Amino acid sequence: MQQLEINIGAAQAETYKIWVGSGLISKVPEFFDLSSYSRVAVLSDHNVAPHWGATLVEALSHRAELIVIPAGEEAKNITTVELVWRRLLEAGCDRKSLVLNLGGGVVGDLGGFAAASYMRGVDFVQIPTTLLSQVDASVGGKLGINSAGVKNLAGVFRQPRGVIIDTDTLSTLPKRELLSGLAEVLKHGLIRDADYFTQVCGLGEAVFEPKNLEQIILRSCQIKAEVVQADELEGGLRKILNFGHSIGHAIEILSHARLPAEHLLHGEAVSLGMLAEAKLSELAGFISAADLDHIRAGLQGCGLPVTLKQRFALEDLLAKLKLDKKNVGGVLKWTLLRALGEAVFDVEILPELVEQSLREEFA
Ligand SMILES: NC(=O)c1ccc[n+]([C@@H]2O[C@H](COP(=O)([O-])OP(=O)(O)OC[C@H]3O[C@@H](n4cnc5c(N)ncnc54)[C@H](O)[C@@H]3O)[C@@H](O)[C@H]2O)c1
Ligand SMILES: [Zn+2]
């Protein structure tokens with residue numbers, strides 16, 4: 001087991017730990033003084049609970065209430081939050097209760113939000129079970145739900161009491177979800193540590209061996225934590241974490257307008273977004289053509305998509321990026337790569353250059 005300490009908040013007032021290792025769910029009571037809580041609730045979803053819910057509830061000597069919500073992004077809404085509040089109330093949870101969020105980013109974001117608002121806020125712990133939530137969503141204290149058709153419309157910043165990453169949970173995660181999480185790992189390398197990017201890509205299939213995953217999760221949490229610690233409330237530096245996400249998000253949304261079989265997972269869209277934004281970095285005069293090739297080969301070698309299988313009309317992509325003709329003079333600010341392992345944010349780029357990068361990369 002390895003651990004990382006996070007110091008965050010005004011004058012680094014809040015401190016908590018991230019533990020990474022195998023078999024940690026069974027050891028949860030060793031990490032916290034549970035006797036200081038009046039009641040413990042475990043929140044999970046319909047996919048995760050059958051695999052890992054009993055292990056956690058047993059570890060807590062069956063003294064925890066298990067609350068199971070529907071799986072998936074569609075459930076990340078206020079109706080589910082109300083359901084969680086009601087179940088917490090029925091279980092006798094008061095202000096001195098603890099909520100353990102066992103699941104992917106949806107359970108973490110929603111469960112954290114429900115806990116942060118229940119009786120004006122109770123403690124919560126993140127126990128992320130997807131690679132994406134282990135290296136991204138569970139670190140940084142962003143919580144929230146979707147509303148009015150807008151992703152993460154309602155939310156708060158609030159740090160957990162701790163993050164427990166049990167690498168065993170990845171054994172039940174579908175391979176495609178695992179790979180999707182790897183896109184965020186590669187992003188961490190591209191924006192902060194070029195050697196890390198190259199090392200992870202060099203592992204090939206061995207990347208999914210538990211001992212390698214443990215190291216990768218730790219390093220990625222470290223990178224995300226460094227960035228978040230420097231900029232808890234997203235004033236500046238934290239924007240480098242958005243690398244690949246402007247174009248990636250547009251591609252993700254467009255894919256979701258297609259038949260379900262064509263929907264891209266977040267990390268798959270981010271892989272394409274990183275490539276297009278790396279191309280933009282090249283066109284902007286930052287990275288070399290050889291760097292771009294290195295990035296493309298790395299993503300592809302890991303099994304992430306580097307070509308747009310679905311043909312989206314370039315106009316649709318540009319419109320999603322708000323770079324269409326109607327948005328006159330709309331110069332967007334971009335997070336780009338100044339070099340491999342170094343990102344810059346708030347770079348103003350002319351729409352024509354964005355169009356060129358998309359055309360050249362995906363035509
Ligand atoms: N708070 C943040 O900083 C932050 C950062 C990135 C993403 N997010 C949010 O995270 C969410 C995406 O997270 P995600 O990709 O983990 O999605 P998710 O929670 O929907 O999990 C993906 C799927 O895998 C299933 N699953 C999870 N763990 C499993 C396991 N161990 N075994 C079997 N099945 C398992 C889930 O039930 C779900 O069907 C989005 O809502 C996004 O907005 C938040
Ligand atoms: Zn992402």
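Hi everyone, let's start with helix 3 (residues 78-90) and helix 4, which pack at about 55 degrees with their axes 10 Å apart. Axes here are lines fitted to C-alpha atoms, for helices over the stretch in contact, and angles run from 0 to 180 degrees between N-to-C directions. Helices are DSSP runs of H or I with at least four residues, strands are E runs of at least two, and both are numbered from the N terminus.

A quick word on the model: it is predicted, so local features need pLDDT of at least 70 and side-chain atom pairs 80 or more, while totals for chains, interfaces and linings use all residues. Residues are numbered from 1 along each chain as its sequence is written, and chains are lettered from A and ligands numbered from 1 in the order written.

Now to strand 9, residues 162-166: five of its five residues are buried, meaning 20 or more other C-beta atoms, placed from the backbone, within 10 Å of their own. Gly162, Ile164 and Asp166 lie on one side, with Val163 and Ile165 on the other. Strand 2 (residues 14-21) pairs with strand 9 in the parallel sense over five bridges; pairing takes at least two DSSP bridges. Trp19 has Ile164 as its bridge partner in strand 9.

Finally, ligand 1 has 28 residues around it, and Asn47, Gly104, Gly105, Thr130 and Ala137 come nearest; the cut-off is a C-beta atom, placed from the backbone, within 6 Å. Helix 4 (105-117) and helix 5 (131-137) each give two or more residues to that shell. Thanks, everyone!

Technical notes: Buried ≥ 20, exposed ≤ 12 C-beta atoms within 10 Å, placed from the backbone.
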